[in-house]
Amino acid sequence: MKPLGPIPPGFAAGNGVLAVDGVAVTELVERAGGTPLFVYSSTVIRDTVARLRAAMPARLALHYAVKANPYEPIIKLFAQLVDGFDIASGGELAMLREAGVDPSLVSFAGPGKRDSELEAAIAAGVTLNLESEREADRALAIAGRSGVVPRLAIRVNPDFDLKGSGMKMGGGAKPFGIDAERVPALARRIVASGAEWRGFHIFAGSQALDAEAIADTQAQTLALAARLAEEAGVALPHCNLGGGMGIPYFPGDVPVDVARVGALLAEQFAKLPPVLSDTAFCMELGRYLVGESGVYLTRVVDRKISHGETFLVTDGGLHHQLAASGNFGTVVRRNYPVAVATRFDAPVEEEASVVGCLCTPLDRLADKGGFPRAEEGDLIAVFCAGAYGASASPAAFLGQGPAREMLV
Ligand SMILES: *Cc1c(COP(=O)(O)O)cnc(C)c1O
């Protein structure tokens with residue numbers, strides 16, 4: 001038997017059935033009209049934001065990175081909970097506007113911004129986190145033609161990365177940001193152009209669980225921001241410290257000690273150099289804020305034995321939850337937290353693999369896990385499905401179509 005990942009806090013059984021925000025998942029599936037279904041818990045999201053706010057210095061603003069989950073009810077919920085949004089495409093800007101988010105609270109990072117995306121963002125008053133000098137030229141030219149003062153920040157490619165992060169986004173040659181040594185010259189040019197100078201965006205990595213590594217990266221980020229601002233001879237109105245905090249997915253993973261991260265950041269804030277004394281700071285997070293809120297529910301269609309191994313074949317799969325299949329940025333396949341939702345408090349009775357309905361051996365949601373005996377019609381829950389699930393999976397693959405989504 002292979003271990004399964006840890007089920008996040010906030011999920012319990014009522015009468016043996018998994019409940020989300022106090023409602024049995026069988027009831028939620030009925031309300032949604034069937035499976036597969038992503039259910040997101042607003043209670044888990046609210047609790048996560050509250051825990052983070054309590055841990056972090058009050059000076060630190062919180063932004064939501066929309067790419068983690070752009071489902072409209074989630075965007076609307078975050079509009080009540082966070083101080084800003086980070087987007088990575090014109091499509092995400094359109095989603096935010098549709099949801100009624102004030103564009104002046106939005107910053108736009110991401111390589112390869114097209115002119116049409118720059119135009120829409122500049123016209124709306126979105127802050128651009130510039131990813132190259134050429135992008136700066138194009139943004140200034142577009143703003144000049146339209147007579148709008150653009151709000152411009154520089155995304156810095158830091159000369160360090162976040163230790164232990166699942167996805168490195170800084171350090172060495174990268175498509176993201178502008179190499180640190182070229183930043184002061186561009187900062188001076190932006191200020192001289194008459195644009196609204198918004199400061200730096202420094203994102204060094206994500207999905208880290210080690211508080212000391214995150215704090216160490218934040219300290220390096222502050223030092224880098226101070227050095228570059230001083231070298232440029234410009235003030236720094238705003239500095240986006242990036243994100244980095246991840247969630248436990250796999251056996252043995254331990255949650256980030258956010259109280260420790262917050263305490264160490266408060267120490268840093270207490271000894272900021274003069275060039276940063278008036279700077280506003282934020283952190284942008286996707287996965288940490290929304291990942292644990294989501295449960296992917298799929299129904300067992302068939303139960304079969306092959307060469308003595310049990311397979312629970314479901315109506316879902318990697319076309320909705322690519323990451324749980326181990327094919328989204330992981331090197332070694334390990335099991336996500338997965339459970340039989342309709343026998344949630346039953347003891348382990350057998351070893352089984354939970355597979356999807358796609359005709360590919362990649363489509364495996366749990367490999368040789370320990371489960372109560374599940375039959376056709378039972379519901380399987382894949383946890384930690386709130387981030388990089390529905391929108392980060394190949395929903396059109398094999399003509400299976402998208403999953404339903406629901407915020408409770
Ligand atoms: C992907 C991304 C994020 C969100 O990362 P998480 O791991 O979901 O917190 C934040 N900022 C930028 C620039 C990103 O590319």
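Me: How much space lies in the largest cavity?
Reply: In this predicted model, the structure holds one cavity of 30 Å³ or more. The space that lies in the largest cavity comes to about 40 Å³.

Me: Which helix gives the largest share of the lining of the largest cavity?
Reply: The residues that line the largest cavity are L162, I202, F203, A204, G205, T217, Q218, T221, L241 and G243. Three residues make up the largest share of this lining, and the helix they come from, spanning residues 211-232, is helix 8.

Me: How many charged residues does the lining of the largest cavity have, by class?
Reply: Among the residues of the lining are F203 and Q218. Sorted by class, the lining of the largest cavity has five nonpolar residues and five polar ones, while the number of charged residues is none.

Me: How are helix 6 and helix 7 set to each other, roughly parallel or oblique?
Reply: The axes of helix 6, which covers residues 133-146, and of helix 7 come within 11 Å and cross at roughly 5°. Angles under 35 degrees count as roughly parallel, and helix 6 and helix 7 are therefore roughly parallel.

Me: Which residues of helix 7 make the contact with helix 6?
Reply: By class, the contact of helix 6 with helix 7 has three nonpolar, one polar and three charged residues. On the side of helix 6 the contact is made by E133, A136, D137 and L140, and on the side of helix 7 by L186, R189 and S193.

Me: Is the peptide bond from T35 to P36 cis or trans?
Reply: P36 lies in the loop between helix 1 (25-32) and strand 4 (37-40). The peptide bond leading from T35 to P36 has omega near -10°, and its form is cis.

Me: What is the phi of D21?
Reply: D21 is found in the loop between strand 2 (17-20) and strand 3 (23-24). Although D21 is not a glycine, its phi is positive, with a value of about 50°.

Notes. Residues numbered from 1 in each chain as written. Predicted model: local features only at pLDDT ≥ 70, side-chain atom pairs only at ≥ 80, totals over all residues. Heavy atoms only, no water. 1 Å grid on protein atoms, 1.4 Å probe; cavity = no way out; pocket = protein on both sides within 12 Å on 5 of 7 lines; lining within 4 Å. Points joined across faces, edges and corners; volume = space filled by probe spheres on them. Helix = DSSP H or I, 4+ residues; strand = E, 2+ residues; numbered from the N terminus. Nonpolar A, V, L, I, M, F, W, Y, C, P; charged D, E, K, R; others polar. Axes fitted to C-alpha atoms, helices over the stretch in contact; angles between N-to-C directions. Parallel < 35°, antiparallel > 145°, perpendicular 65-115°, else oblique. Contact = heavy atoms within 4.5 Å.
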